[in-house]
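Dear colleague,

Please find below the structure that I am handing over to you. My findings follow directly after it.

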Protein chains: 2
Amino acid sequence: MRDLSKDHRFLSINWATTREQFPRLEQLAVALARADVRGISPWREPVQEIGAKAAGKLIRDHGLTVTGYCRGGLFSNQGRAGLKAQIEDNRRCLDEAAEIGAACVVMVAGSLAPGSKDIRDARAMAREGLAELLPYARQAGVALGIEPLHPKYAADRCTCTSLGEANDICEALDPRGQGGIGVVVDVYHVWWDHRIAEEIARAGRGRRILAFHICDWLVPMRDMLLDRGMMGDGAIDIPHLRGLVEAAGYDGFCEVEIFSADTWWKKPGDEVIKTCIERYRTVV
Amino acid sequence: MRDLSKDHRFLSINWATTREQFPRLEQLAVALARADVRGISPWREPVQEIGAKAAGKLIRDHGLTVTGYCRGGLFSNQGRAGLKAQIEDNRRCLDEAAEIGAACVVMVAGSLAPGSKDIRDARAMAREGLAELLPYARQAGVALGIEPLHPKYAADRCTCTSLGEANDICEALDPRGQGGIGVVVDVYHVWWDHRIAEEIARAGRGRRILAFHICDWLVPMRDMLLDRGMMGDGAIDIPHLRGLVEAAGYDGFCEVEIFSADTWWKKPGDEVIKTCIERYRTVV
């Protein structure tokens, strides 16, 4: 397991973490460069605001590695009638990701279709969408990073609720391990899973761990979505999970993704980044 | 699959569903008898209030079947130092359950220990506690019903977060299928699981489905704990899950357990029970 205490060369900051303080990509890039942070994970909003070409130049000019692009997928959100349009939008997302040099697009499966209770059909839509995108992703040189979200989001965000399910999809769509599809492991979403060690190892055997996201699970939690904690402040044994992904062969960045309406989004952005660095070196 | 539309002979009401309206066991028993509901699932509070002996007589006098007793377990809540006391308390819980004629005690594994991030150790405590209780439960004639709770409660309530995990525990502690231990399937807690069909079938093969709990998953959800929905008002395909448990051999009650601070706890209790009956006959 890597010693992270000496520096923060493998730290990446997801745009969402300071999106209220640094909504524009340039603001974030400048702040990260100032703090000697090497990794960034932008969302589509700030990239589309200035265009992917300009965003790519900005990111390169600040010496940043793009550890992921958030976010694609959402295949089932508009039901079967909207699936084609969602897939087409994902192609644009992959184009943008290629332009900014992202290692992967973070793929969130999608919600139940409007008015539907059929999670199995929503899952089928996500699988169809991913299957259709895979050749395009390979051509673009950007991997599809399936991120299972916490089961509490199964209805309204993401029907892929466990790493086992994400691994199943990868193995079904890429049975020979040609690549272009993998998983994103976010401690917030998977820490509760009694099979997490086996599933991380399984993802590693397929060389499919594309990103590792960190934050913490607060108790009590004041909001289903916007009350994620800073690493160290919650219930998750982050070093244990990092040990598992590294034992499975992952040697990339640790990306901080915190949605925190009442706490971290209210502090100065530079202070948040400084705290991320400190926690990365001590409790990750 | 059974036709539930003709009557409500397999409907059970968990005390929590109308606990604000009918906190005393007698109030609930009378209301259920009035509505011709045949099943009840009390919590310990109202039973201990009058004593298990009187509670048992009250329940029998109203012709009610006790579909479960809530709740035992919570092994890890006080850490290793408190495990013995928790186990001892569970013995008393089993005594009470026997006295009132409960088919099973609903076992909730427990939270992380105070100040701990070690979910694996908390899980180990739950398994140790269940192992120690199993002979006592068999002697008492009351089964241990392991209820996996939704993963959103992994830190503060229940480290057993999936039916697969509950099945693993049952098979480890009762490898020869002698009984006395099984699972409680609550749609709210397990509906998101992509392996739910396989795990329900697996529990059925071991004749281990001890209870089936129903309510619904609301979107949006206003509270992590106290905003459960009435059947039909949310995202869960309840008939699909009922079909799975019945195909797995379950032919017992459907028990309504709804915590709803802002909606159902605010309506008259008889109206809530009437709504449970109507929904049971139409959307369950």
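**Salt bridges and the interface**

R202(B) and E199(B) are both buried, where buried means under 20% relative accessible area, exposed over 50% and partly exposed in between (1.4 Å probe, protein chains only). The two residues form a salt bridge whose closest N and O atoms are 2.8 Å apart; the term denotes a side-chain nitrogen of Lys or Arg within 4 Å of a carboxyl oxygen of Asp or Glu. Both belong to helix 8 (residues 196-205) of chain B, three residues apart, about one turn of the helix. Helices (H or I, at least four residues) and strands (E, at least two) are DSSP runs, numbered from the N terminus.

Please note that this is a predicted model, in which local features need pLDDT of at least 70 and side-chain atom pairs count only at pLDDT 80 or more, while totals for chains, interfaces and linings use all residues. Residues are numbered from 1 along each chain as its sequence is written, chains are lettered from A and ligands numbered from 1 in the order in which they are written, and side-chain values use heavy atoms, with hydrogens and water left out.

Over all chains, the whole structure holds 62 salt bridges. One of them joins E246(A) to R2(A), with the closest N and O atoms 2.9 Å apart. E246(A) lies in helix 9 (residues 238-247) of chain A and R2(A) in the segment before strand 1 (11-14) of chain A, so the pair ties together parts that are 244 residues apart in sequence. Both of these residues, E246(A) and R2(A), are buried.

Within chain A, a network of salt bridges links E88(A), R91(A), R92(A), D95(A) and E132(A). R91(A) is located in helix 4 (residues 83-100) of chain A and is buried, with a relative accessible area of 18%.

Turning to the interface, 31 residues of chain A are in contact (heavy atoms within 4.5 Å) with 31 residues of chain B. The two chains, A and B, bury about 2500 Å² between them, 63% of it on carbon and sulfur atoms; buried area is the accessible area (1.4 Å probe) that two parts lose on being put together, summed over both. K117(A), W192(A) and H194(A) supply 26% of the area that chain A buries against chain B, more than any other three residues. Two salt bridges are counted between chain A and chain B. R120(B) forms a salt bridge with D237(A), at 3.6 Å between the closest N and O atoms.

With kind regards
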